[in-house]
Amino acid sequence: MKTGREGVERSRLTPDDVALIGAYGARASWPAGFQLYQRGAVADGVFIVLDGHVVLRNKIKVGRGFVPVIATVGQTFGSEGLSPNSHYVTDASASEETKTMFLSGAQFRAAVRERPAHIIPLLSQIMSERAFLLEKLHELAALNVDQRLISTLTHLSTDRSFTAPDGRLKLENSHHRLLCEMVGATRESIALALSRLVSAGIAEREGMTFLIEPGSLRGNGDRNSRENGDRNSPIPVQRELSPS
């Protein structure tokens, strides 16, 4: 069983890919904390992240939520808007100052008609992200908290928003709720799992900040799997979804 980087990779559109479809898209900048859309709103088109990152979140109840994915530079979100009569299935918020390109449904169809070769990388990107979400569902059903945390940390380590100048993943106290919502676990479970990473020499703690060398995460998921045996007992997601 593979997790994180050893599982399904989320690819990224290159600057050249984005430039080729730029004539059809509208660029916009969003301040930190801005909500781009809400779950249930009428969906149209697709967004591409140019800078910063966008958190997709499902509210479960007051004070509780789940983050299926974070869209970072070169990745898309809101692609449900390419289906007819569709609605957004998550909330979408810019966690920091973020720049995006938006292709409406009409603009997307025009690009397909007029520049089909330019739109193929975007379609490939959307399909890779769908595969990533399917892998995420598998992780929630089959992996324990430690394994899901390693997969999440591996993903975050690819985004400069979460890394220190030396390239290490930098997790501050403000990131703990996000980790809870991405992993699908309580704050206490996340704290214990991070402590185990420190004990294993994978993470270094400086006060309330955890520093992790991304390379130390590679392969650790498989080793954790062997130590915990074959995961025949699924993890009940709802029992652990509490980011408080």
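I began with the aromatic rings, taking Phe, Tyr and Trp rings as a pair if their centres lie within 6.5 Å, and calling the pair stacked when the planes are under 30 degrees apart. The model I am reading is a predicted one, and I found that it holds six aromatic pairs.

For Trp30 and Phe34 I noted ring centres 5.1 Å apart and planes at 25 degrees, so this pair is stacked; Phe34 itself is partly exposed, with a relative accessible area of 34%.

I then looked up Phe47 and Phe77, whose rings are also stacked, at 4.7 Å centre to centre with 10 degrees between the planes. This pair links distant parts of the chain, since Phe47 lies in strand β3 and Phe77 in strand β6, 30 residues apart. Phe47 is buried at a relative accessible area of 9%, and Phe77 is buried too, at 2%. Both belong to a cluster that ring pairs build from Tyr37, Phe47, Phe77, Tyr88 and Phe102.

Next I turned to the nonpolar cores. The largest has 26 residues, and Leu149, Leu153 and Leu171 have the most contacts inside it. Leaving out residues up to four places away in sequence, I listed Leu179, Val183, Ile190, Ala193, Leu194 and Leu197 as touching Leu149. Another core, of 15 residues, lies apart from the largest one and includes Leu36, Ala43, Val54 and Phe77.

Last, I checked the largest pocket, with a volume of about 500 Å³. Among its 25 lining residues, Leu56, Val69, Val89, Glu129 and Leu133 are the closest to the centre. Helix α3 gives the largest share of the lining, 10 residues, and by class I recorded 15 nonpolar, five polar and five charged residues there.

Notes:
Residues are numbered from 1 along each chain as its sequence is written. This is a predicted model: local features need pLDDT of at least 70, side-chain atom pairs count only at pLDDT 80 or more; totals for chains, interfaces and linings use all residues. Side-chain values use heavy atoms; hydrogens and water are left out. On a 1 Å grid over the protein atoms alone, a cavity is a set of points where a 1.4 Å probe fits but cannot get out, and a pocket is an open set with protein on both sides within 12 Å along at least five of seven lines; lining residues have an atom within 4 Å of a point. Grid points are joined across faces, edges and corners, and a volume is the space filled by probe spheres set on the points. Helices (H or I, at least four residues) and strands (E, at least two) are DSSP runs, numbered from the N terminus. Ala, Val, Leu, Ile, Met, Phe, Trp, Tyr, Cys and Pro count as nonpolar, Asp, Glu, Lys and Arg as charged, and the others, Gly among them, as polar. A nonpolar core is a set of buried Ala, Val, Leu, Ile, Met, Phe, Trp, Tyr and Cys residues joined through side-chain atoms within 4.5 Å. Buried means under 20% relative accessible area, exposed over 50%, partly exposed in between (1.4 Å probe, protein chains only). Contact means heavy atoms within 4.5 Å. Rings of Phe, Tyr and Trp (its six-membered ring) pair if their centres lie within 6.5 Å; planes under 30 degrees apart count as stacked, over 60 as edge-to-face and the rest as tilted.
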